[in-house]
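Hi,

Here is the structure I promised to pass on.

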Amino acid sequence: MTSRTPRTQGRPTRHGRRPIRSSITGPALANPQSRVTKFEADARGAVEFLQRALPEELHGVQIGFQTVPAATGESSMPMLYSIDRAARSIMLYRMPIQRSKGLHVDDDEHRRYFVEHCVYRAVCEYLGREPWELLPGRFDHY
């Protein structure tokens, strides 16, 4: 009786097709292309930009990330972010933002734009200002 799963030089195969391989980073390092890493890099970039552009308004405001929504805070978009003005904090929720549907082009660039859009909307709502008031002239070239 022969086995259906061939072995290659003593290494196990994946469903009989090829040897099992790990990511190029190996098991000791985090995958730089993971969803969590991409989200945090994109969101932190937008947060840092807004903190440099609006240092007085965002001084002391904590902007953080969670995987899924918690039952605290207020927001016009509670599945994407929450705002707690008393604690001076904004919390963005990674999974709902990343799993949102409706991008007209579903690629890495547009997903990054959506993450930045959510950060921007959360800060606008926290400050009680309209998006076009927050950074006047910033997007005029579009």
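On the face of α1 turned away from its buried side you'll find the exposed residues Ala41 and Arg52. Bear in mind that this is a predicted model. The helix itself runs over residues 35-53, and its span of 27 Å from first C-alpha to last is close to the 27 Å expected.

Now for the other face. Phe39, Ala43, Ala46, Val47 and Leu50 of α1 are buried. They sit on the same side of the helix because they cover an arc of only 100° around its axis. As a reminder, residues three or four places apart in an α-helix point the same way, because there are 3.6 of them a turn. What do the buried residues of α1 pack against? Their partners are β3 (62-66), β5 (89-93), α2 (94-98) and α3 (108-127).

There's also a nonpolar core to look at. The largest one has 26 residues, and Leu50 and Leu92 touch the most other members. At least two residues of this core come from each of α1, β3, β4 (81-84), β5 and α3, with α3 giving the largest share, 8 residues.

Since Phe39 belongs to helix α1 and Phe65 to strand β3, the pair ties together parts 26 residues apart in sequence.

Cheers

How values were computed:
Residues numbered from 1 in each chain as written. Predicted model: local features only at pLDDT ≥ 70, side-chain atom pairs only at ≥ 80, totals over all residues. Heavy atoms only, no water. Helix = DSSP H or I, 4+ residues; strand = E, 2+ residues; numbered from the N terminus. Expected span 1.5 Å × (residues − 1). Buried < 20%, exposed > 50% of the residue type's maximum accessible area, 1.4 Å probe, protein only. Arc of directions from axis to C-beta. Contact = heavy atoms within 4.5 Å. Core = buried A, V, L, I, M, F, W, Y, C linked by side-chain atoms within 4.5 Å.
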